[in-house]
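Trainee: Could you take me through one part of this model closely? I would like to follow a strand, its partners and the helices in one connected account.

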Amino acid sequence: MQLLLRRLYNGGFNHLKRTSSLLCKAPRVVGHPSLTRSCSVAAAKLSSDDATKSPELSDAHRKPSPALQSPEDSHMSAYKDFAKANEEYVATFGDKGNLPLPPSKKLLIVTCMDARLNPYAYLGIKEGEAHIVRNAGGVAKEALRSIVISQRLLGTREIAVFHHTGCGMVTFDTPKLRALVKESDPDNAALARAVDEIDFLEFSGLEESVREDVRFLQENPLVLPGTKITGWVYEVETGKIRQIV
């Protein structure tokens with residue numbers, strides 16, 4: 001211990017840091033009180049010197065490693081904003097609670113789940129006027145269940161299909177996405193079976209995909225005869241819409 005103290009006073013900081021660390025980590029078989037106290041004092045001094053010499057390094061040591069953070073800590077918790085936003089909405093809710101269940105325009109819109117799309121805004125639709133069915137790509141085949149319910153039980157008689165520019169559905173195909181899911185957990189047989197049962201209904205041509213969806217609905221026996229069906233493209237770059245079918 002005298003040797004350690006001499007090295008400290010002679011400026012042997014780096015050597016002492018390594019030696020002190022070894023002493024603190026070593027099994028305490030000796031258990032001598034003076035040795036334990038000296039080790040603690042030296043370690044405390046080193047920690048203090050570290051913080052003085054490199055605050056950035058000290059802060060980095062205090063921050064948890066991303067790998068050790070829980071999944072909840074690794075992203076924003078958007079749900080925490082729900083209550084306050086809802087309070088503001090309720091303050092101007094008015095008499096919307098009296099709106100009838102069937103949509104007043106007898107209109108159903110099929111469109112994409114893309115977060116950039118606000119069909120209420122760019123089509124001038126208000127609450128109670130239309131059903132809006134959203135899924136990845138705004139694919140009519142996947143919306144069919146909702147269309148049947150909307151028409152048979154709630155009286156809609158017009159369908160508008162909206163796809164949009166910059167859609168993620170043109171960037172992949174089903175085999176590649178299945179492979180990606182399987183790679184996330186290679187030993188999970190149940191996962192592999194489940195994803196193999198899904199057709200992700202991707203498409204390549206934007207306008208042609210609109211035509212195909214309109215044709216699918218026109219020819220589908222579950223869609224009521226006489227239903228007015230149109231097809232559109234929304235431009236995320238400009239906010240404009242254009243009719244395809």
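Mentor: Happy to! A residue is called buried when its relative accessible area is under 20%, exposed when it is over 50%, and partly exposed in between (1.4 Å probe, protein chains only). By that rule, 27% of the 245 residues of the chain count as buried. Please keep in mind that this is a predicted model, in which local features need pLDDT of at least 70 and side-chain atom pairs count only at pLDDT 80 or more, while totals for chains, interfaces and linings use all residues. Residues are numbered from 1 along each chain as its sequence is written, and side-chain values use heavy atoms, with hydrogens and water left out.

The chain has ten helices and five strands; these are DSSP runs numbered from the N terminus, helices (H or I) having at least four residues and strands (E) at least two.

Let's look at strand E4, residues 228–234. Six of its seven residues are buried, so E4 is largely enclosed by the rest of the structure. Strands pair if DSSP finds at least two bridges between them. E4 runs parallel to strand E3 (residues 158–164), joined by seven bridges, and antiparallel to strand E5 (residues 241–243), joined by three bridges. Trp232 of E4 is the bridge partner of Phe162, and Trp232 also stands opposite Gln243 in E5. Six residues lie between the strands in the hairpin of E4 and E5, where Gly239 takes a positive phi near 85°.

Now for a helix residue. Ser209 sits in helix H10 and is buried, with a relative accessible area of 4%. Its C-alpha atom is separated by 9.5 Å from that of Gly231, 22 residues away along the chain. Leaving aside residues up to four places away in sequence, Ser209 touches His163 and Phe203; contact here means heavy atoms within 4.5 Å.

H10 (residues 206–219) also packs with helix H7 (residues 140–154), at an angle of about 40° and with the axes 10 Å apart. That makes H7 oblique to H10, the class left over once angles under 35 degrees count as roughly parallel, over 145 as roughly antiparallel and 65 to 115 as roughly perpendicular. The axes are lines fitted to C-alpha atoms over the stretch in contact, and angles run from 0 to 180 degrees between N-to-C directions. Ala140, Lys141, Leu144 and Ile147 of H7 meet Asp213, Phe216 and Leu217 of H10.
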